[in-house]
Amino acid sequence: MTTRLDIARARARVALARLTGEVLPDDVAARAAMDISTAPRLTRAGNPFVGVAGVHARGRDFGTPQPAVPDLLLDQAALSDAILIESGVFTASTLAAAKARVARGELHEHIRQNWKRALDESLIEPAVAARLGISRAKLRWMLGVGDLFAFVANAELHYPTWQFSNAPGHPVLPQLSRLVEAFPEGLNPASILGFMTTPHSDTRVNGRPVAPIEWLAAGQDAQPLVDILESYLL
């Protein structure tokens, strides 16, 4: 039976390898994967993915599109027009336009389409292992330390395809673990997909704004992306 001490040792072994640049032997990686992947079982009464660095929002199930903030626009008991305008989120005209879009169902359809895209542009575990040419144990080890990213939908792990690269010898975007750690838990997978595929003014290559996936693929430092993500929490 895997104990908490075994889990701690496995994580320490992985952390040391990451600091020194050591490539773990397959048998060590497999053992680490087993220890890390069984760690959540100790808290199964709560959430089975707590402690797995690469699983978004500690395993929160995003199986259905999340309620949109604009839903509150129709709930006068929750937020008054005055509060929304005074907060600076809306002007009187943009608030009226947003309410009209909600009433017509346009925003809900937009959310549904974005969520469908997030699922369509993801792979489940067997497909990821085949794409990367690695064992399921190695895949779970990479997920456990944040070198792969996944979210839960309908009790199944989904790996977004934006994290994969066609660069020879580098099938996964570099510095992914730094980025994964910075994703706010309140950011749903569709929003993360949008973030990763949208050019940002703070990430420029040859003077041109580029999306995070292009920024990382070009070997740029992940910190500007982390800074943008942290600004979402302010």
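The paragraphs below lead through a predicted model of one protein chain, from its overall make-up to a few of its residues.

The chain has 234 residues, of which 38% count as buried, and its secondary structure comes to 11 helices and 7 strands. Its accessible surface amounts to about 12700 Å², with 57% of that area belonging to carbon and sulfur atoms. If we take the contacts in the chain with a separation of 6 or more, 60% of them are accounted for by residues 24 or more positions apart.

The mean pLDDT of the chain is 76, and 63% of its residues reach 70 or more. Among the elements of the chain, strand S1 (residues 122–123) has the highest mean pLDDT, at 97, whereas helix H2 has the lowest, at 47. Over residues 67–78 the pLDDT stays under 50, and for this stretch the model has 15 contacts beyond four places in sequence; residues 1–5 also stay under 50, with 5 such contacts.

We can now turn to the interior. In soluble globular proteins, nonpolar side chains tend to be buried together. Here the largest nonpolar core has 47 residues, and those with the most contacts inside it are Leu148, Leu157, Tyr159, Trp162 and Phe183. Phenylalanine 183, leaving aside neighbours within four places in sequence, is in contact with residues including Trp162, Phe195, Leu229 and His56.

Is histidine 56 buried or exposed? Histidine 56 counts as buried because its relative accessible area is 4%, and buried means under 20%. The side chain of histidine 56 reaches the backbone oxygen of leucine 187 at 2.5 Å, and among the other residues that histidine 56 touches are Phe62, Phe149, Pro184 and Ile192.

Ile192 brings us to helix H9 (residues 189–197), in which Pro189, Ala190, Ile192, Leu193, Phe195 and Met196 are buried. The N-terminal end of H9 is capped by asparagine 188, a side-chain oxygen of which lies 3.1 Å from the backbone nitrogen of alanine 190.

Strand S4 (residues 164–167) and strand S5 (residues 170–172) run antiparallel and are joined by 2 bridges, with phenylalanine 164 standing opposite valine 172 in S5. S4 and S5 form a hairpin with 2 residues between them, and glycine 169 in the turn has a positive phi of about 80°.

Note on methods:
Residues are numbered from 1 along each chain as its sequence is written. Side-chain values use heavy atoms; hydrogens and water are left out. Two strands pair if DSSP finds at least two bridges between them. Helices (H or I, at least four residues) and strands (E, at least two) are DSSP runs, numbered from the N terminus. A nonpolar core is a set of buried Ala, Val, Leu, Ile, Met, Phe, Trp, Tyr and Cys residues joined through side-chain atoms within 4.5 Å. Buried means under 20% relative accessible area, exposed over 50%, partly exposed in between (1.4 Å probe, protein chains only). Contact means heavy atoms within 4.5 Å. Accessible areas come from the Shrake-Rupley method with a 1.4 Å probe; for residues, only the protein chains shown count as cover. A polar contact is a pair of N or O atoms within 3.5 Å; within protein, one must be able to donate a hydrogen and the other to accept it, and residues adjacent in sequence count only if both atoms are side-chain atoms. pLDDT is the predictor's confidence in each residue, from 0 to 100.
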